[in-house]
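Q: I have a model open beside its sequence and would like to learn how to read it. Could you take me through some features, with the general idea before each case?

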Amino acid sequence: MSQGRKDPLNLIITGVGGQGNILISKLIGEAMLEEGYWVTIGETYGASQRGGSVASHLRISRKTQHGPLTPEGQADIILGLEPVESLRMLGVYGNPTSDVITNIRPIHPMAVAIGEAEYPSLDRIKQGIRELSHEAWYLDASEIAIGLGAPLLTNMVMAGALIGSGLMPVGEEKFERQLKANFEKERLSLNLKAFGLGVSTIRKGKRASHN
Amino acid sequence: MESKACQALVDEVIKRDLCTFCGACVGLCPYFIAHDGRIVLRDHCDLAQGRCGTFCPRISLDLEEMNKAMFGTPYSWREVGTSKAIFMARSTNGKIKGRAQDAGTVTTLFWFAKDEGFIDSAVMTLFEDKSLPKGVIVSTEEEILACAGSSYVATPTVEAFNRGAQEDDRKKIAFVGTPCQVLALAKMKGSTQEGRNPIGKLQLVIGLFCTWALSHPGFTQFLEREVSNPIIKYDIPPHPANVLQVYTEKKRIDISLEHILPFVRPACQVCHDLTAEFADISVGSGRGEVLEWNTVIVRTPRGMEIVEGAKRKGLIEIREIPKENLARLERASFNKKRRALDRIIQKTGSVDDLLYLKLQAEIARQLLAE
Amino acid sequence: MSNIAANAPNTSQLLMGNEAIARGALEAGVGVAAAYPGNPSSEIIATLAQVAKQLNLYVEWAVNEKVALEIAAGASFAGIRAIAAMKQNGLNVALDFLANLNLTGVPSGLVLVVSDDPGGISSTNEQDSRHVAKALDLPLLEPATFQEAKDMAKWAFELSEEIANACLMRSVTRISHARGNVTLGELPHLENQARFDISRRPYASIAATAPKFHERLHQNLSRMSEIYERSPFNWYVGPKSPDLLIVTCGSGWFHSKEAVGILSKENSVGILKLGTTWPLPKGLISRYFLQTPKVLVIEEIDAFLETNLKELSADLTTGRTWTFFGKASGHVNPFGEITPDFIIHAIADILKVNYVSRSVDYQKKSQTIIKESILPRDSQFCAGCPHRTTFWAMKDALRMDGRQGFVVGDIGCYSMGLASTGFSQIKTVHAMGSGMGIASGLGKLNQFGFNQPVLAVCGDSTFFHAVIPALINAIHSQADFLLVVLDNAGTAMTGFQPHPGTDMNAMGAPSPPVDIEKLCQALGVKVMVTDAYDVKETTQKLIDLLRDEGKPRVLICRRECALIRARKENPLYRVRINPDKCIGEDCGCERFCTRVFKCPGLIWDRNTKKVKIDEAVCSGCGVCVEICSQEAIFREANG
């Protein structure tokens, strides 16, 4: 079910600093701008930018410009590049009608890397997402990106998953137009591939419906 | 907060001026470093128990238990430690005698042990002029000879053993050092600490008689002021000389001990062990009619094997120790124990708290009463 | 993406607030732009630098904010419209100049944009810059939308010339760094011609002339106020006689609008959005005040507007009183940034309505889940960061030195030397260069029995910004200190901008670098250089320098920022673990490389109980090879 009728449509793209959430938030924002929407993109940071939690908040509306911060409980879609971050954003901004699309590959914080803490299992994360959302999709976007030879393209795969899910009032063609306008030849084909794989993967996959 | 092993070492030993700088805690891990005459904890290890605390001769020292484990007999406070034989010995090798501190016994025994394949390496202390001496692990006769001579400065030589034992091609290692270093090795032997105990490679321990050791950088800075030429050797002749003899290339300088004693390491004040009671063989200098000889105490079968072997090959000659010398040695040894106990109780204020010594208060009282 | 030089009026782009400001300046025909990097202001000048060549601008990353403002003023004195941009701390640095510039005035448009950082998200403080406008009697503008950021920036130049004085524009993170729809205007076709009129009265206020200029400033204030009455940057939405009047500015506009919408109170709550917040347009404000008994003021950081409105209301001779709500009443948080949720709750409280963002059940569930499954992500140095290795060397050297020495610092990525990622070495952080100044003081306490070694750290950029005068001071006073300059070849924290020590300028052209080592030699201070990656050498040099006490000493630790390097070159090494040699948790290691050294490229595997390299994160610097005591990490040079 598309969230397209909601106004404003609040999309949060979250991950860890360095994963490139800002890039895809800009591309999505520009695609929506071209469709005649008012788009505001805000950023929130966790403890730090370098390796810390980051999120782009997109406020998309037909009526007016909205502020750059999502009020509590108003997130419609959470697109997560990292599973713990998806759960974190859902916890703060989610509500029972929120939909979640998330990558399942973890990025370990320092506490885990040095052996002082344990990263929650994917099952636990899924359980948490199940309790707090309407529907959820899970994919290993990192694996797909690594398969293309570029782990940094995880964000582009997730962008494909988002557009391919049908939750956004914009289709693949329009998004691909943005890619063509912003990338040069050699980077363009790889980004298009990553995007395309995200689209096809989410369409093949099972959506986890919760209520 | 639960006490960590490394922190216990810092609080109970280093901060209380009990650290002998033997080096047993260094070279096992990246957390302890020996630097500039001090043991430094550069980072915290989270383990509640570690080899550092287990090997340290100034933590939880139970002489009774250790003696039983090593020799099968009770610890003797009156004698010069457990012994099988006590006599005088000296090298028959002219080259060694010329270079050595006294009569060259240690160097000769090491040469013999190496020749016969008892050992492939030796951990010794090398001193160079006025720098802080350093523990080294050596393999050749030349290198062993180069380490002959006492420097009287406390050196973390056990670190060299800890590191050397990690080298794969060293399988049988000998050690010569001071009583505190020897104690650390004895603790290592008795340790139930699993895994990575370097003691497995230790074949022979020779301990040197020791009254005290000097601190770096205090003493070395003093020397730099007093002695301009390179130093070849030191000696402290027996009572009543009361001087430190410093031999440079050009001459010998006598410095009154009164100027030297301020540099004695505080930890030495509470040391009970004159003759390195937990070695295979303990060696000291001779005096009086046997001035040109080493005093030798053999304690273990391994020690006996080495000494008798060397004697059979004519590398050392032996003679009996004069009764008077032995009596004097036993008195000196007992006095050091009593002084140590005295000073410990002065520090703690109670005979029930003997710092690192695990000794019943009753026994301590008895010893002090004599 | 954003193209602020686009010659495409009436088209729309998704611009960052800072980009919109830059575009506004372009539309005003700006010729010169100068700044010092500072979040959240950096993009203003960075964006202009990118189009400088194309549009014939002169753009500079100046050595500090005072010089940046002086550069802009110089341009203005010669008839060129100029813009200077900085964060709130930068305004403090420029204040001495600004507090004299306001008295002399400027002939050509000069706009000073200050981006405040409410909540101090990337700052050492959260300071409200607006007070400066009131203190210096300068006009203050606050954009509330992205469109306004552009339009206001453009108009600010006109206002500046109207009153022949500098104009202050205050933005905040939520406007500067967020993006929104901006319709572009026209780019002017003018040729900027610079010329200084030597015949006119000098731009100077000295001795007793200040009161005269001060009086003129006050007269200007009245004129500004009149201009503001008609400004399109002030607007009202809501009923004619609202139960509650919200007066807001800046980012408060979006939050207020959203809050009123969420509470469905459009029919009883009015919002007066002011873009011109000093001086206040009294007539306009009093007209709306007269329609309501209650006023809620919403703004970022201090109760600046709130207090000024209260002042204004006291002067209104109507006999009426108002109930004010805002920071003083506790409805709006007086510290930290304002958020839509704070505002919603404030309005709900005043209007006595119940608001619940989510059901109690959901709220409880989400709190439990967050607590149980979420891990904090601590600040840390990047993999391969030379600061990690330098602080490691400092930690070891100070412990080995044994005299309880410590480190005082200033601002940059290396400020994280405060935290465990930097082994908690730094003990003070305040302003740019303040570590060196503090060390200059600590280094003279010998007569009071002080014998702890003092290390001051600074970056290559802060060295030029503020450390040099403090260093000269300490050299002349023969203070006992060791200055460690962390030279990573750029102003890394804010986005790798160049500075006088680098060989390039803001516009990408080559520039002769000032050599820090040579400068120190010229100052007559003992200086040594070391490679930050060479931990052994750096530690030894530190030990030696610490021992060489009683005088000033400098150690320059050189190594390019790992992120800058990664953009240009392949990693130095391919780093790998030999799991057979890794002893992990056992006595002898206890996870030394991950638990103590803490490089994010090293991961502790709880299952295999061994360390492994995170290939996606490892930068290939190879330093961990020296850290491991078991030789379990090895490296191969990258061909």
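Q: Among contacts in chain A between residues at least 6 apart in sequence, what percentage join residues at least 24 apart?

A: First, a word on what you are looking at. This is a predicted model, in which local features need pLDDT of at least 70 and side-chain atom pairs count only at pLDDT 80 or more, while totals for chains, interfaces and linings use all residues. Residues are numbered from 1 along each chain as its sequence is written, with chains lettered from A and ligands numbered from 1 in the order in which they are written. Now the general idea: two residues are in contact if their C-beta atoms, placed from the backbone, lie within 7 Å. In chain A, 67% of the contacts between residues at least 6 apart in sequence join residues at least 24 apart.

Q: How many helices and strands does chain A have, and what percentage of its residues count as buried?

A: Helices (H or I, at least four residues) and strands (E, at least two) are DSSP runs, numbered from the N terminus. Chain A has eight helices and seven strands. For burial, count other C-beta atoms within 10 Å of a residue's own, all placed from the backbone: 20 or more is buried, 12 or fewer is exposed, and in between is partly exposed. By that count, 57% of the 211 residues of chain A are buried.

Q: Which residues of α14(C) are buried, and which are exposed on the other side?

A: An α-helix has 3.6 residues a turn, so residues three or four places apart point the same way. Helix α14 of chain C (residues 360-373) has 14 residues and reaches 20 Å from first C-alpha to last, close to the 20 Å expected at 1.5 Å a residue (the expected span being 1.5 Å times one less than the number of residues). Its buried residues are S366(C), I369(C) and S373(C). They share one side of α14(C) because they cover an arc of only 70 degrees around the axis, the arc being that of the directions from the helix axis to the C-beta atoms. On the other side of α14(C), the exposed residues are V360(C), K364(C), Q367(C), K371(C) and E372(C).

Q: Against what do the buried residues of α14(C) pack?

A: Their partners are in chain A: α2 (83-93) and α4 (122-132).

Q: How many residues of chain C are in contact with chain A, and which element gives the largest share?

A: To read an interface, start with the residues on each side. Here 46 residues of chain C are in contact with 53 residues of chain A. Elements giving two or more residues to the chain C side include β1 (12-16), α10 (252-262) and α13 (340-350) of chain C. The largest share, six residues, comes from α14(C). By class, the chain C side divides into 20 nonpolar, 14 polar and twelve charged residues. Here Ala, Val, Leu, Ile, Met, Phe, Trp, Tyr, Cys and Pro count as nonpolar, Asp, Glu, Lys and Arg as charged, and the others, Gly among them, as polar.

Q: How many residues do chain B and chain C give to their contact?

A: Chain B gives 17 residues and chain C twelve. On the chain B side, β1 (32-35) and β2 (38-41) of chain B are the elements that give two or more residues. That side has seven nonpolar, three polar and seven charged residues.

Q: Which residues does a cis peptide bond join in chain A and in chain B?

A: Most residues other than glycine have a negative phi, and most peptide bonds are trans. In chain A, a cis bond joins D7(A) and P8(A), with omega about 0 degrees; P8(A) is in the segment before β1 (9-16) of chain A. In chain B, the cis bond joins H216(B) and P217(B), with omega about 5 degrees.

Q: Is R591(C), with its positive phi, buried or exposed?

A: Phi of R591(C) is near 55 degrees, and R591(C) lies in the loop between β21 (573-577) and α21 (592-597) of chain C. R591(C) counts as buried because 23 C-beta neighbours lie inside 10 Å. A207(C), also not a glycine, has a positive phi of about 45 degrees, but A207(C) is exposed, with 5 other C-beta atoms within 10 Å.
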